[in-house]
Amino acid sequence: MGFEIPGVLWRRDPEKGELPLVFDSPHSGSLYPEDFGFGCDLLALRQTEDAYVEELYESAPLRGATLIAALFPRSYLDPNRAADDLDPALIEGAFPYPLRPSQRTRSGLGLVRRIARPGIAIYDRKLAAAEVLSRIERCHRPYHRVLEEACERLLRAFGILWHINCHSMPSASGRLKDADFILGDRGGTTCAPRFTSFVAEVLRERGYRVYVNEIYRGVEIVRRQGRPAQGRHSLQIEVARRLYMDERSLAKAAGFSRLKADIAHLVEALAAFAEAGCRIRAVKSR
Ligand SMILES: [Zn+2]
């Protein structure tokens, strides 16, 4: 059950026992559109993917959750940026609406990225405004629409919504280089603190090193979805790529199946968490 918008995204619906629990993977897409027109090595772009993240969470629909994944690559268009978070220097001519580039965008990592990584420019040209607008229309809008519809419908049905925004991160350096997971709720603003601490605890019990609101604090998707005062709780989870893949070749590593099993355990725990919340609400509303 579910549906697909070819080249853009798919949504997999709960196979049984629907819960107000949604997972989305915005950066694991690897279908490179014909009109991308990049000027760097494809491998440099592929190394920016949150590769296999949709696969790591694939047990979610078996446990009553909805799972949404992008099919287009994040280097083509990043759904985890606002539609006006764009660097004017990347665009040829005038843009039809005002742009508000963030600090991240100024460093090359905006809605449409300028660089694959520091020192590697993606384009040897500027992009036409029409080209960027068509990426927004084709990818950004439907991604947010499908996610919003899923979250909104479940919130209306259950009176509460738990959303996990799923990512993977390259090896960090410095203080956080031992991080296995980093959780981000934008400093406690996108979900109830007990949701963040529950996820951290489940992962720590499996032996992982978990940090909260360090480096990856959550960006546009949790900012949009997370409205805890209205019962909408949204948390970003970053998992270290070194746990499951070779970061250069993108080949799956030996740890892949262990991590996938541990994420299935997390999904199970979150389903029980969501179920318990539903029971409490049902008792209260009697
Ligand atoms: Zn990501």
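## The big picture

Keep in mind that this is a predicted model. In contacts between residues at least 6 apart in sequence, 78% join residues at least 24 apart. Buried residues account for 40% of the 286 residues in the protein.

The protein has seven helices and 12 strands. Its radius of gyration is 19 Å, close to the 19 Å from the globule rule for 286 residues, so the protein is as compact as a globular protein of that length. Along the principal axes, its C-alpha trace spans about 60 × 40 × 35 Å.

## A strand on the inside

Now zoom in on strand β12, residues 232-240. Nine of its nine residues are buried, so β12 is largely enclosed by the rest of the structure. R232, S234, Q236, E238 and A240 point one way from the strand, while H233, L235, I237 and V239 point the other way.

What does β12 pair with? Strand β9 (residues 161-169) runs parallel to β12, joined to it by nine bridges; in β12, I237 is the bridge partner of C166. Strand β10 (residues 181-184) pairs with β12 in the antiparallel sense over four bridges, and here I182 has E238 as its bridge partner in β12.

Next stop is L259, which sits in helix α7 (residues 256-284). Is L259 buried or exposed? It has 22 other C-beta atoms within 10 Å, so L259 is buried.

Leaving aside neighbours within four places in sequence, L259 is in contact with L56, L243 and Y244. L56 is 203 residues away from L259 in sequence, yet their C-alpha atoms are 7.6 Å apart in space.

Key. Residues are numbered from 1 along each chain as its sequence is written. This is a predicted model: local features need pLDDT of at least 70, side-chain atom pairs count only at pLDDT 80 or more; totals for chains, interfaces and linings use all residues. Helices (H or I, at least four residues) and strands (E, at least two) are DSSP runs, numbered from the N terminus. The radius of gyration is taken over C-alpha atoms; the globule rule is 2.2 Å times the number of residues to the power 0.38. A residue is buried if 20 or more other C-beta atoms lie within 10 Å of its own, exposed if 12 or fewer, and partly exposed in between; C-beta atoms are placed from the backbone. Two residues are in contact if their C-beta atoms, placed from the backbone, lie within 7 Å. Two strands pair if DSSP finds at least two bridges between them.
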